[in-house]
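Please examine the sequence and the structure shown below.

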Amino acid sequence: MKTTQKLLTLFVLVLTISAFTIKPKEGYKIGDIATDFKLENIDGSMVSLSDFNEAKGFIVTFTCNTCPYAVAYEDRIEALNKKYSSKGYPVIAIMPNNTDVKPGDNMEAMQKRAKEKGFTFPYLIDKGQKIYPQYGATKTPHVYVLQKTKKGNIVKYIGAIDDNFQDANAVKTRYVEDAVNALLSGNEIKVKETKAIGCTIKV
Amino acid sequence: MRYILPILVVLLMVSCKEESKEITFTEVDYNGLEKVLNKQDNKTYVVNFWATWCAPCVKELPYFERINKQYKDKNVEVVLVSLDFPKHFDTKLKNFINEKQLQSELYALNDMDSNYWIPKVNKDWSGAIPATLIYNSKKREFFEQAFEYEELERTLNKFLK
């Protein structure tokens, strides 16, 4: 009886300590397996990563209509899709904002913007805002390059598209392109994480 | 009678001058800003990163202005660092700070290499704004969040003990 009690105390103690030491999960790190999703596209269809049988991976981009940083990158996001979807790395854009706070990001506005800009990639809405917190996206734009493997879609790069938000012509390092090129050629990605200014995701 | 017109003109000039006091900012790259983030004196600095296009930033700006005014005699200084696009410095930013008549110390950061300087401001900063750094010689803390006035005041007071 005494042993059981001691064991029980120990068990509770271990449980208590672990409860305090394990931090809440704050999004993906490099090497984590990214969740799939089923989100509404601007054409009304539901899109999942598992729909892309031919894909070798994905350029998952959290972006929106209303953030000037996201707008500054619109053409470059489209260019990424043009360049890499045929090579097996399509862009999957996800709009994470609460549209009650930002009506300029609602489905209708997304459709309009996609038409104006001629987006060729899926532009999905994270209705219910369940997906972006799992990825750990904090701002727009925020990119996750995933590589498809038997185990799932592995996070290979997190961060900015390139190193100059203001002027596409003055870019020195194209982080996302470098990452995808490395994956395509089977090389190690040199810069796996970058930081950039962006607009807070509106909750 | 002939003096009235000149007097009116002078009065008009004086009153205009009173109302439209030109508000200016200092444009810096990160090397310039780094000094502002690491002052070694007896003051407490509240450094807010914002932009005219950032709605939650614009909403909380008056709280920082209020802190700057009300805590001046308690050795507190508010510094506002604009992350507007440099091409908008002389238009949008200039108009905004003059329209709002901002009284805090103003900087505008012109440094494209954000992957270099964001982790130098704080290693945990994702780059989302609003964000605020509060520091003095004893304590330094970074907040990637928006503030309400009471919360900002409460947080600041922890630095003033």
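Two residues are said to be in contact if their C-beta atoms, placed from the backbone, lie within 7 Å. The model under discussion is a predicted one.

Chain A has 5 helices and 10 strands. Of its 203 residues, 38% count as buried. Among the contacts in chain A with a separation of 6 or more, 72% are accounted for by residues 24 or more positions apart.

One element of this chain, helix α5 of chain A, spans residues 175-185. Its buried residues are Y175(A), V176(A), A179(A), V180(A) and L183(A). Viewed down the axis of α5(A), these buried residues fall within an arc of 125°, so they line one face of the helix. Against which elements do the buried residues of α5(A) pack? Their partners in chain A are the strands β4 (57-62), β8 (142-149) and β9 (152-159), together with the helix α2 (68-84). After α5(A) comes G186(A), which has a positive phi, near 75°.

Attention now turns to chain B. Strand β3 of chain B, residues 76-82, contains V81(B). Is V81(B) buried or exposed? A residue is buried if 20 or more other C-beta atoms lie within 10 Å of its own. V81(B) has 25 C-beta neighbours inside 10 Å and therefore counts as buried. Leaving aside residues up to four places away in sequence, V81(B) touches L33(B), V47(B), N48(B), F49(B), Y107(B) and L109(B). The C-alpha atom of V81(B) is separated by 11 Å from that of L61(B), a residue 20 residues apart from V81(B) along the chain.

The final topic is the meeting of the two chains. How many residues of chain A are in contact with chain B? There are 14 residues on the side of chain A, in contact with 17 residues of chain B. The largest share of the chain A side, 3 residues, comes from strand β10 of chain A, residues 198-200. Sorted by class, the side of chain A that touches chain B has 5 nonpolar, 6 polar and 3 charged residues. Strand β10(A) is also joined by 2 bridges to strand β5 of chain B, residues 128-129, and the two strands run parallel. Within this arrangement, G198(A) stands opposite A128(B) in β5(B).

Definitions and conventions
Residues are numbered from 1 along each chain as its sequence is written. Chains are lettered from A and ligands numbered from 1 in the order in which they are written. This is a predicted model: local features need pLDDT of at least 70, side-chain atom pairs count only at pLDDT 80 or more; totals for chains, interfaces and linings use all residues. A residue is buried if 20 or more other C-beta atoms lie within 10 Å of its own, exposed if 12 or fewer, and partly exposed in between; C-beta atoms are placed from the backbone. Helices (H or I, at least four residues) and strands (E, at least two) are DSSP runs, numbered from the N terminus. The arc is that of the directions from the helix axis to the C-beta atoms. Ala, Val, Leu, Ile, Met, Phe, Trp, Tyr, Cys and Pro count as nonpolar, Asp, Glu, Lys and Arg as charged, and the others, Gly among them, as polar. Two strands pair if DSSP finds at least two bridges between them.
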